[in-house]
Amino acid sequence: MAQPDTKKIFFENLSGAGKAIAVLTSGGDAQGMNAAVRAVVRMGLYVGAKVYFIREGYQGMVDGGENIKEATWESVSSMLQVGGTVIGSARCKEFRTHEGRLKAALNLVTLGITNLCVIGGDGSLTGANLFREEWSGLLTELVEQGSIEPQSVQTYSALHIVGMVGSIDNDFCGTDMTIGTDSALHRIIEVVDAIMTTAQSHQRTFVLEVMGRHCGYLALVSALACGADWVLIPEMPPDDGWEEKMCEKLSANRAGMKRLNIIIVAEGAIDRNNKLITTDSIKDLVVRCLGFDTRVTILGHVQRGGTPSAFDRILASRMGVEAVLALLETTANTPACVVSLCGNQSVRLPLMECVQMTQEVQKAMDEKRFEEAVKLRGRSFENNLKTYKLLAHRKPESELPQSNFNVAVLNVGAPAAGMNAAVRSAVRVGITEGHKMFAVSDGFEGFYKGQIKEIKWADVGGWTGQGGSLLGTKRTLPAKHVGKIAEQMRMHNINALLVIGGFEALESLLQLYEARAAYEEFCIPMCMLPATISNNVPGTDLSIGADTALNAIVETCDRIKQSASGTKRRVFIIETMGGYCGYLATVAGLAAGADAAYIYEEPFDIRDLQANVEHLTEKMKTSIQRGLVLRNENCNDNYTTDFIYQLYTEEGKGVFDCRKNVLGHMQQGGAPSPFDRNFGTKISAKAMQWVTKKLRETFRQGRVFANTDDTCCLLGMRRRALVFQPVLQLKEDTDFVHRIPKEQWWLKLRPLMKILAKYKTSYDVSDSGQLEHVVHNRPKDTDASVAM
């Protein structure tokens, strides 16, 4: 059984005693900013520092007074699920002047603040860096004016800055995702899914404008997530004559029995002559050339609003804690840094290097160096664009390579949101590579029964937004039916297999690998994509479907907690799925602000339960009105959900009452989240390209023969990279009894959850981000962007 990493570094080594940290949000608001503020405040207090809110961004810093207020633990309660920023954000002209910054310096020195955590876009972070560079000069000037004592210059000699990027546009170079982007994608996809139903009813074309004046990330990723017919972004304007090509595409889709068209336009979309492309001009074009009933929808500030997604809460919480660690470790010579995300890993990057690269993108666009602008956006953006082009625009039959290979795709195990997006991607990439694609219904049960049929490009249209598994899926393993499966493979001349599923899919591939000795039909390239809400597959940090399940849990927890508002103090006990894997309970606990999360991987006894009850009782006696406790379904045979509910009810008498809720299969249902749609789409495309490569490598004397370990792989995300790993090697990393990996990265998040719930614990900082330099092109296989 996997245990939490024992290599702990205690906070005595990173004390914040005597330090004062101020946190502010500046520029445009973004969902998740409150989670970042909460994490900075609570982590700062945890390490012994004084923490201050600066209300209304830089304007509050300049005005001082009540705008700079000391924060308490309770002052950030109940803000995790709130959108926007509760401490306010404002653009400040005065801070851009020397006099304004002089006032701000006086206000900070008066309170002894020399550590700033700035949450905002590149403009806000650039302003913070200028302030830092001028700091000693500003203090000298204040001494000359008689505003501060001379010794203050020595006492507060350096201003330390750490930035977190809060921007829905995801327009900041150096990070895979900025705080707020995932939530904005949720808003867009909710609208697109709703529009698609009415568009289909009336056979309409819809032109949707999304935010992104200088960056097309939201438009591009939402187009990828909903399978839009056309997308227009500022980084890659369409070639001359695009109007005719777009109309041909829309017309061809209608001729192929598609009842609707979706065109997504970034608000800053331009043509090759830097002329703005507006939604109205596109509508007029479609009506004039095709006569289609066309409507325009401008999403506007809807994209900024609403509750933050689970991803944004977790990202912001991790980044907030990382920002405090960075401030504790900083010295007078440390450059201002921005806390960033690369793959699934926290990194620290020099702030001005990121700002300069972000400005380079705009410069490249202004100078019409569009290919370079796309590259400067980063590998993730570039791959999103390539994948969209691959899946949205079908090449004529005459231009397709003729491979004469047959590839079968099937789903195995329990359904997971995002499976359909992965199948669609596999089918379309496979056809583009020249293969004939076959769909197997109902997993290996359908395989041995012969439920196999060819699947064409148009057959998977509209699949990205569908939940569950349209191919059908069963938990049946192939071992008992290998003979019949081999016969079906021979009949249909299957040359490669793509298996999409959870732990059963891994077991299936291991069984097929072992069957190679008896059946040559299995000596073919085989690849598995992890798809399970439990996220319990070894060889990958994340699985398709887990993000959708997390969002379902977190949304339900929000509603359950809200149901107790205005009532007496109440604690909710929530049971989550996951088998023996505690991923859902732990990460949902972090995202929903849980007080405890009981999981199998971290054994607990009655003393731990008692300590948790006492801890919650103490919090309830102050100002906390609602408590939340999550329990993984298989965390303990004896300490059941009923037992924990009864224990809390009995021990909390007179202080709080209790309610319980078993979430059940609602965690498996629903439309896939933007993350799962794009993660499934991208890794499936990558898997099919690997399959093509292996087919070519193993084709000898008129047939495919692949019997090496590296031809039977799982494609997973490991920290910063997407990696193909032989399933045979993964056997050693797996606890087959409990169906979990022996090592699980997310266990390192548990101390973070406990710290933010006011428990005294140790925190492993050996894995915290180190200061790195921004690189223009990361290694080829590092497109592991956690969010898309």
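Close-up 1. Tyr 519 comes out as partly exposed, at 27% relative accessibility. On this scale, buried means under 20% relative accessible area, exposed means over 50%, and partly exposed is in between, with a 1.4 Å probe and protein chains only. Phe 522, at 0%, counts as buried. The two rings make an edge-to-face aromatic pair, with 6.0 Å from centre to centre and 75° between the planes. To pair, rings of Phe, Tyr and Trp (its six-membered ring) need centres within 6.5 Å; planes under 30 degrees apart are called stacked, over 60 edge-to-face, and the rest tilted. The count for the model is 14 aromatic pairs.

A word on what you are looking at: this is a predicted model, where local features need pLDDT of at least 70 and side-chain atom pairs count only at pLDDT 80 or more, while totals for chains, interfaces and linings use all residues. Residues are numbered from 1 along each chain as its sequence is written, and side-chain values use heavy atoms, with hydrogens and water left out.

Close-up 2. Tyr 58 belongs to helix 2 (residues 57-63), and Phe 95 sits in the loop between strand 3 (68-70) and helix 3 (98-110), so the contact ties together parts that are 37 residues apart in sequence. Helices (H or I, at least four residues) and strands (E, at least two) are DSSP runs, numbered from the N terminus. How buried are the two partners? Tyr 58 has 5% relative accessibility and Phe 95 has 4%, so Tyr 58 counts as buried, and Phe 95 does too. Together with Phe 131 and Trp 135, Tyr 58 and Phe 95 form one aromatic cluster.

**Close-up 3. Charges over rings.** Which ring does Arg 254 lie over? It's the face of Phe 292, with 4.3 Å to the ring centre. In another spot, the charged end of Lys 760 sits over the ring of Tyr 46, 4.7 Å from its centre. To make the list, NZ of Lys or CZ of Arg has to be within 6 Å of the ring centre and within 35 degrees of the ring normal.

**Close-up 4. Cysteines without a disulfide.** A disulfide is a covalent bond between the sulfur atoms of two cysteines. The rule asks for a pair of cysteine sulfur atoms within 2.5 Å, and the count comes to zero disulfides. For Cys 527, the closest cysteine sulfur is in Cys 713, 6.8 Å away, and that's too far for a bond. Cys 712 is in no disulfide either, with the nearest cysteine sulfur, that of Cys 713, 7.0 Å away. Cys 527 is buried at 0% relative accessibility, and Cys 712 is buried at 1%.

**Close-up 5. The largest pocket.** A pocket, found on a 1 Å grid over the protein atoms alone, is an open set of points where a 1.4 Å probe fits, with protein on both sides within 12 Å along at least five of seven lines; lining residues have an atom within 4 Å of a point. This one holds about 1300 Å³ of space. Its lining has 46 residues, and the closest to its centre are Ala 228, Asp 229, Lys 249, Asn 253 and Ala 392. Helix 8 gives the largest share of the lining, six residues.

**Close-up 6. The second largest pocket.** Its volume is about 1000 Å³. Of the 42 lining residues, Gly 28, Arg 91, Gly 121, Asp 122 and Gly 123 are the closest to the centre. Helix 4 gives the most to this lining, with six residues.

**Close-up 7. Two loop residues with positive phi.** Most residues other than glycine have a negative phi, and most peptide bonds are trans. Asn 493 has a positive phi, near 50°, and its place is the loop between helix 16 (482-492) and strand 16 (496-501). Gln 701 isn't a glycine either, but has a positive phi of about 50°, in the loop between strand 22 (699-700) and strand 23 (703-704). Asn 493 is partly exposed at 43%, whereas Gln 701 is exposed at 84%.

Definitions and conventions: Points joined across faces, edges and corners; volume = space filled by probe spheres on them.
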